[in-house]
Amino acid sequence: MLDHTDMSILRELCKNSRITMKELGEKVHLTGQAAASRVAKLEDNGVIERYSITVNQEKLGCFMHAFINIYLNDIHHHPFLSFVKTQNQFILNNYKISGDGCYLLECRFPSNEYLNEFLEKLNEFANYKIATIIKKM
């Protein structure tokens, strides 16, 4: 069971996973050694699975942000999933969903031309509906 201090540690690590244990300890009112011990315990218990970074996609030139609902009529999804694996330069996340559609792709594209080319290729494997992001709130 996680206590208030563990939850505070997780919040701080979500903001900045490169924080030093001394800085983390100061933020959660522990010594650096005590904070490191708590983090190690969270890792050992599988609460913390891995550390990652957040990439600014716009600085990489990918200005178009889109969510694409995927509709497959065939029970064999392998051709679609194989296609998705070849498109990792555009697809940030691929979610298998229930409800409206079979999958939800979160994508970034440098331009409308790249988006259009991607959709033309996608149409060989699936039908889709697309929503483009105007602004993150």
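This is a predicted model: local features need pLDDT of at least 70, side-chain atom pairs count only at pLDDT 80 or more; totals for chains, interfaces and linings use all residues.
1. **Extent of H3.** Helix H3 covers residues 32-44. Its 13 residues reach 18 Å from the first C-alpha to the last, which is close to the 18 Å expected at 1.5 Å a residue. After the helix comes Gly-46, with a positive phi near 80°.

2. **The buried side of H3.** Three residues of H3, namely Ala-35, Val-39 and Leu-42, are buried. Viewed down the helix axis, the buried residues fall within an arc of 60°, and they therefore line one face of H3.

3. **The opposite side of H3.** On the face turned away from the buried side, H3 carries the exposed residues Gln-33, Lys-41 and Asp-44.

4. **Packing of H1 on H3.** Helix H1, residues 4-15, has an axis that comes within 11 Å of the axis of H3, and the two cross at roughly 85°. Angles of 65 to 115 degrees count as roughly perpendicular, and H1 is therefore roughly perpendicular to H3. On the H1 side the contact is made by Thr-5, Asp-6, Ile-9, Leu-10 and Leu-13, and on the H3 side by Arg-38, Val-39 and Leu-42. Sorted by class, this contact of H1 with H3 comprises five nonpolar residues, one polar residue and two charged residues. Val-39 and Leu-42 belong both to this contact and to the buried residues of H3.

5. **Packing of H2 on H3.** The axes of H2 and H3 come within 7 Å and cross at roughly 95°. H2 is thus also roughly perpendicular to H3. From H2, the residues Met-21, Lys-22, Leu-24 and Gly-25 meet Gly-32, Ala-35, Ala-36 and Val-39 of H3. The contact of H2 with H3 divides into five nonpolar, two polar and one charged residue. Val-39 takes part in this contact as well as in the contact of H1 with H3.

6. **The loop between H2 and H3.** His-29 is located in the loop that lies between H2 and H3. The phi of His-29 is near 65°, a positive value in a residue other than glycine. His-29 counts as exposed because its relative accessibility is 73%, where exposed means over 50%.

Key. Residues are numbered from 1 along each chain as its sequence is written. Side-chain values use heavy atoms; hydrogens and water are left out. Axes are lines fitted to C-alpha atoms, for helices over the stretch in contact, and angles run from 0 to 180 degrees between N-to-C directions. Helices (H or I, at least four residues) and strands (E, at least two) are DSSP runs, numbered from the N terminus. Angles under 35 degrees count as roughly parallel, over 145 as roughly antiparallel, 65 to 115 as roughly perpendicular and the rest as oblique. Contact means heavy atoms within 4.5 Å. Ala, Val, Leu, Ile, Met, Phe, Trp, Tyr, Cys and Pro count as nonpolar, Asp, Glu, Lys and Arg as charged, and the others, Gly among them, as polar. The expected span of a helix is 1.5 Å times one less than its number of residues. Buried means under 20% relative accessible area, exposed over 50%, partly exposed in between (1.4 Å probe, protein chains only). The arc is that of the directions from the helix axis to the C-beta atoms.
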